[in-house]
Amino acid sequence: MLVAMVAFAVTADAQGFLKRLKDRAVNAAENAVSNKVDSKVSEETNKAMDDVLDGKSSDQSSNSKNADAEEADPTTATSSDFKRGSVILFQDDVTAEQVGEFPSKWDLFQGTVETKTLGGVKAINLTDNAQIQPFIKEKGAYLPEEFTIEYDFYYWPTSSVPGNDGIGLNDMKMILAVTKDRSEFPGEGFDSGDLTVFVLKHGVCDTQEHSYTFNGNKNGSFDYAFKKGWNHVALSFNKRALKVYFNDKRVVNLPRVNQPTWLCFQVPFDYKNMTFIRNVVIAKGAVALYDRNEQSMTAVEKAIAETGKFVTNNILFETGKATLKPESMAEIQKVADYMKKNASVRFEVQGHTDNQGSDAVNDPLSQQRAEAVVKALEGLGVDGFNLRAVGKGSHEPVADNKTDAGRAKNRRVEFIKK
């Protein structure tokens, strides 16, 4: 009896110790990240963070491990067929927001949401079980039958947060509702009944385990290892087919999902300074249901054969700069593939802007952007002798610059066959 009592006491004490250790680890993780966001830490840490945000590898061994994990995992698709919709319905890169304030392009259901600076860039920080949706003035449903959604979120790997006990702390839910009333939070999956049509849950408790629910009560899961820093999430919906991409890798492919009506995000826990999103884009248009008509001729090849040029709005730049965004490379790769197949054809690469800003700014900016695309094509093996960069500024609009949708169409790159 005495031995049993001692053993019970030791076991209970051990369990209590482990609980305190876990709580201490999570608190240490939150404090470490909070210090990173709200104050400067060591120069080496800041440099590593900046390298991540600039697209450089700050942890080669970690990135290599993630790459190997993806390559070895047969359940992870390698398709990169995502294409942003052609008409922008909502866009927020947060650059115009004031740090410390609620982001002006969003609505709040509950929780705490602020604009903060992370590694030199502005982002939206969600905590306290935050629930937000894009601020759309028109009431009711706004998602068309074909649309794409994109956003970037920051992932903290366990190795980068001192004291972390092995769990991921970047829980995020992207929720597609099926109601017309946007005044109430629709729920988050099984408990929402008929109010949601798709819920994506990523970063929950483990760096590789993610799940989703669709059509009210059906569910699925998949593995994917996020990299340190900013990761890109994209969703495409076309009449019934829904696809999700992590960093250009397709991870969800559902053939039949009910029509969504609007979008919201939820961070279901109260971790401080842990969950950040930015560059949210909702666009009309989507990945084609089937590519049977494109198997013998690519979209680039077809456009050039029919019109003598290929025009795209999918080559994106940092606001006010000639710096290509990483997601632009998929489109540039398609153009490079065509040009290498037709090595004797010469092209004029034209950069076009909208009319926001003066000609003194837009004209040289469009030239610099055209030159950046040429440089990227050369980096992919295209002969630079066949390329000529030309900046057109805002002088040749193809749509009305008085609307967001029109300006989005005018911000384009054209490849003119010569």
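1. The expected span of a helix is 1.5 Å times one less than its number of residues. This is a predicted model, and helix H5 can be checked against that rule: its 13 residues should span 18 Å, and the C-alpha atoms at its ends are 18 Å apart, so the two values agree.

2. Which residues of H5 are buried? They are Glu 331, Ile 332, Val 335, Ala 336, Tyr 338 and Met 339. Viewed down the axis of H5, these buried residues fall within an arc of 160°, and therefore line one face of the helix. The elements that cover them include helix H4 (299-307), strand E14 (309-312), E15, H6, strand E16 (387-393) and E17.

3. With buried defined as under 20% relative accessible area, Glu 331 counts as buried because its value is 8%. Lys 334, at 26%, is partly exposed.

4. H4 can be described in the same terms. Its residues Val 300, Ala 303 and Ile 304 are buried. Down the axis of H4 the buried residues fall within an arc of 95°, so they too line one face of the helix. Ala 305 and Glu 306 are exposed, on the face of H4 turned away from its buried side. Among the elements covering the buried residues of H4 are E14, H5, E15 and E17. Gly 308 follows H4 and has a positive phi, near 80°.

5. In soluble globular proteins, nonpolar side chains tend to be buried together. Here the largest nonpolar core has 49 residues, and those with the most contacts inside it are Tyr 151, Leu 176, Phe 198, Leu 200, Leu 235, Phe 265 and Ile 277. A core of 25 residues lies apart from it, and includes Val 300, Ala 303, Val 335 and Ala 336. Val 300 and Ala 303 are among the buried residues of H4, while Val 335 and Ala 336 are among those of H5.

6. What does Ile 277 contact, leaving aside its neighbours within four places in sequence? Its contacts are Ala 123, Ile 124, Leu 126, Ile 132, Tyr 151, Asp 152, Phe 153, Met 172, Trp 230 and Phe 265.

7. The model has nine salt bridges. One of them joins the side chains of Arg 84 and Glu 150, at 2.5 Å from N to O. This pair links distant parts of the chain, 66 residues apart: Arg 84 is in the loop between helix H3 (60-72) and strand E1 (87-92), and Glu 150 is in strand E4 (residues 146-155). Both Arg 84 and Glu 150 are buried.

8. Asp 354 and Arg 411 form a further salt bridge, with an N to O distance of 2.7 Å. This pair also links distant parts of the chain, 57 residues apart: Asp 354 lies in the loop between strand E15 (347-352) and helix H6 (359-379), and Arg 411 in the loop between helix H7 (404-410) and strand E17 (412-417). Asp 354 is buried, with a relative accessible area of 8%, whereas Arg 411 is partly exposed at 31%.

9. Salt bridges also link Lys 309, Arg 412 and Glu 414 in a network.

Notes
Residues numbered from 1 in each chain as written. Predicted model: local features only at pLDDT ≥ 70, side-chain atom pairs only at ≥ 80, totals over all residues. Heavy atoms only, no water. Salt bridge = Lys/Arg side-chain N within 4 Å of Asp/Glu carboxyl O. Helix = DSSP H or I, 4+ residues; strand = E, 2+ residues; numbered from the N terminus. Buried < 20%, exposed > 50% of the residue type's maximum accessible area, 1.4 Å probe, protein only. Arc of directions from axis to C-beta. Contact = heavy atoms within 4.5 Å. Core = buried A, V, L, I, M, F, W, Y, C linked by side-chain atoms within 4.5 Å.
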